Amino acid sequence: MAFVERCTEMKRLRDLFAQSEKGRPQTVLISGAVASGKTELLHTFAEEATRSGALVLTATGARAERTFAFGVMGQLFQGPGLPPEVTRQATALLNQSAPQPATGPDCDPTTLLETSARTARGLAASLSELTAERTVVIGVDDVQYADGQSLEFLLYVLRRLTNAHLMVVLNEWAVSRPSHPTFHAELLRQRNCHRMQLHPLSPQSVRKLLAEVTDEETAGRLAPAYHDVSGGNPLLLRGLIEDGMVRLAGGTDALSSNPTTDESFRQAVFACLYRWDSATVRIAHGLAILGDWATPELAGALIGVKAERVEQSVADLSRSGLLRDGRLRHSAVATTILASLGIEERTLLHSRAAELLHDHGVPEVEIAEHLVSAGQIKDQSTVSTLRNASIQALAEDRVDFAVQCLTLACRSCTDDRQRAALTLILTRLEWRSRPAAAARHLTTLSEAVAAGHLERGDAATIVEYLLWHGRAEEAEEILRRLDARTEPGAAAPAPQRRHLQPWLHLIRPGKHPQELAQAGQRGGLASPGHTASAALTSVLFEGPSEKAVGWAEQVLADCTLTDGTLTAVQCALSTLIHSDRADRAASWCHALLSEARARQASTWEALLKGVRAEIALRQGDLPSAAIWAEEALDAISPHGWGVAVGEPLALLLLTRTAMGRHDEAARLLRHVVPDAMFDSRFGLKYLYARGHHHLATNRLQAALADFRRCGELMREWSLDLPALVPWRSGTAQVQLALNQREAARELITEELALPGASGARTRGVALRVLAAARDLRHRPALLREAVDLLQESGDRVELVRALAALSQAHHHLGEFTRARMMGRRALQLAKECGAEELCQQLQSAQDMAEGADGADGADADPTAGGADALSDAERRVAALAAMGHTNREIGSRLYITVSTVEQHLTRVYRKLDVTRRTDLPLRLKDRDYSFQQQMTAADRWVVGAEA
């Protein structure tokens, strides 16, 4: 690294050296903080003086050698540049010196004893002879640790060699209380004695050092942060740069503006800290323990020293760059200092700090941090501190710390009732991010309910978690206890049971879900859970309605995402999805996901990503659906998912099957799922998805078994709702593959008559399957209605299937132009959806259709023209024409004359740059087929007596 920001000091040393070469001795006392570059400056100057022909004698003071008489002198006169005879004479003089009285490490030199005086005179004479031949430079590093006799000798020499070619350079730490004040006073009164103060590196110097390892622009950008973390301390700065270089060598693209504080920086901190005496190190430990609450008084009380002594050390450590404003400069510095403490000592200090901070009225969260770090509490009064701190931490979304507080509180609490309440709170918190970890408390909580240690309402939460983890029998036992406590003759469920209804509706359907929904409504729609549950129930049983959509969006607008509102949010989003409002559900879901991510609630995030995957699947965006489902599965562990794992697995299975990636879908079936999953609605979705995979891979009997099992469960639970899981449509498709057309037709007709089957998507899929079971001449009408409905629902994959079936029907009827137009539109949509297998099938069918009637199969230029240039009237006519309708049919549908249709089409051909009707599907966009702008619901084809 470059020797920066010491140019002024080096110039001054050179000037003084030039004076000493002229026979005018010079003395320089260099002061600076620990690791401020004093040693580097001395060595650089010594090398330069040696190159100029001077004899350089160097020594270094050491804390451990402060009581060794003439220890520094022994180093000076054993230098490699001395003539051998001078070394021998000096050794003899030092050896014959009488032993000196023992002195403390901080004692000042006073007077020379006779024996010491003889030694000093002899050494001075040798030194005088050396200066007569050439300039001599004496350099002593860390002079604050020099022994008293050596300091006496230095003063003796400076007083006598007043005309010698001599320069003395002494380095010392800049501290609040100098080690040798008398020596300083005597030294500074000597002629030609100069003081030099080394200051921390400036941001400009930091930039110069960074420029050695990166470009100038980057160095300028990084310098402020590197200066801030290091405090301008050269040693700490070097550690930061070395850590950054290690990252670069490991493949990091560039140095980060947030400096890396790894091994080199930690070692630099240790090097700065452990140069100090044990008292200062101990004070640094106290400051690190107290953190932002460190004051001289508190730190002194913590480690048992006077506040005045702490203030001295704070000033000294601040000069070295370790501290700023009396606190440790950076969290990495505090972490490194604390790492040097033994576990027992650190535990003791944290416990003591908690007591001190409590007595000084510090917030409970700060006290709890020390209790958690100590891992123990001394009395039960701190249990409430931990509980209150966890509540505050949770409000700040510090979930991990809240869990740590509650874990310690539960472990330490001796009151059974209080411990049960704390365990329930802990379980709620852990479920938010680690559902598997929360499961370990459920047995304890169930026992607490049985013992009466929990409030009656708290049992509802325990039931939720038991059902999530598939422990239905234990949940039923708690529910029986709740029912037994309900007052005889009560008309409505007890409050805690009513709280469970939305959850039971989603997790473990009861025998009478309609009654549950009605009970929820009796509880009042003011509750988000009951409002959302009522909305979803309405959609599933009665079909989509603006009333249900309004309730759902009211819940989403009013709810803040919490553990208590999560189920309501899921119900509301499901309401929008089943109401064919996928776009609106996606918007809400993205906002909720951002909130869950910001609050580090991985369980919430996983569940919402599962919802987002369902939305994408409903929109026909298969690649996005796959990504969202995979991210949902990865967000928490498979065990943590519990029975709900069936949801993302089913969505991913349906997506992979629709994309034609059957090998990937088959691998999903290897996931081990809990048996209890098949007692929940998640099991229904999993069975339905697995059945479609088996159907797509021609495992017809396996598919039939899955669809029928799904139907058996739904009938058993009184949840036979096509909007929830249309198992009859799946079964009918298998029956069609087995050539059982009559059975398939009866099953679909039955489905269409069920509650909730009026939704656009549900009815559209059913009509597509029904069309395949009908005679060829009846299929187009059914399929046209299916296309209209699926276009309205927004499910593009199901729309592709309906268009493909309509294209095939027209082809078999010899209506090749219509077949080709439907096929082209289906192919275009399939490509947009990512339905790879469907694309291949459609392309093959399209090639065959175009070859059958000799039509030119070349596609028109997709870049030519544009549907955006069409008027609304032209777009309606173009969409109907692209659907294969004749001019007369279009006129009848839109209540305009055939002549007007022809005029519109003429303009459409010109604007879209096409010459024939069959090219229209290639020009129009998906939104152009929105039949809400073309006709009312009353204008659609109906099944009528044909059904």
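**A walk through the model**

Start by selecting W468, a residue that is buried, with a relative accessible area of 2%. What you have open is a predicted model, so treat this as a tour of a prediction.

**Stop 1: aromatic rings**

How many aromatic pairs are there to look for? The count comes to 10 aromatic pairs. One of them joins W468 to W641: the two rings are stacked, 6.4 Å centre to centre, with 15° between the planes. Colour the helices and you will see that this pair links distant parts of the chain. W468 belongs to helix α23 (residues 458–468), W641 belongs to helix α33 (residues 638–641), and the two are 173 residues apart.

Is W641 buried or exposed? W641 is buried, with a relative accessible area of 2%; buried here means under 20%.

Together with W468 and W641 they make a cluster linked by ring pairs.

**Stop 2: a charge over a ring**

Next, show the side chains of Y156 and R160. The charged end of R160 sits over the ring of Y156, 3.7 Å from the centre of that ring.

**Stop 3: the sheet**

Switch to a cartoon view and find the open sheet of five strands. In what order do the strands run? The order is β2-β3-β4-β1-β5, and the pairing is parallel. At the edges stand β2 (55–60) and β5 (193–198); each has a single partner strand, so one side of each is left without a neighbour in the sheet. Turn the view to follow the twist, which averages 15° from one strand to the next.

For a closer look, select β3 (residues 136–141) and β4 (residues 166–173), which pair in the parallel sense over five bridges. Which residue in β4 is the bridge partner of I138? Pick V168 to see that partner.

Keep the sheet on screen and bring in helix α2 (residues 38–51). This helix lies across β1 (26–32), β2, β3, β4 and β5, and runs at about 165° to β4.

**Stop 4: two loop residues**

Move on to D325, in the loop between β6 (323–324) and β7 (327–328). D325 has a positive phi of about 55°, although it is not a glycine. Show the surface here: at 71% relative accessibility, D325 counts as exposed, since the cut-off for exposed is over 50%.

Last, select Q600, which is found in the loop between α30 (582–598) and α31 (602–619). Q600 is not a glycine either, yet has a positive phi of about 55°.

Technical notes:
Residues numbered from 1 in each chain as written. Predicted model: local features only at pLDDT ≥ 70, side-chain atom pairs only at ≥ 80, totals over all residues. Heavy atoms only, no water. Phe/Tyr/Trp six-rings, centres within 6.5 Å; stacked < 30°, edge-to-face > 60°. Helix = DSSP H or I, 4+ residues; strand = E, 2+ residues; numbered from the N terminus. Buried < 20%, exposed > 50% of the residue type's maximum accessible area, 1.4 Å probe, protein only. Lys NZ or Arg CZ within 6 Å of the ring centre and 35° of its normal. Pairing = 2+ DSSP bridges. Axes fitted to C-alpha atoms, helices over the stretch in contact; angles between N-to-C directions. Contact = heavy atoms within 4.5 Å.
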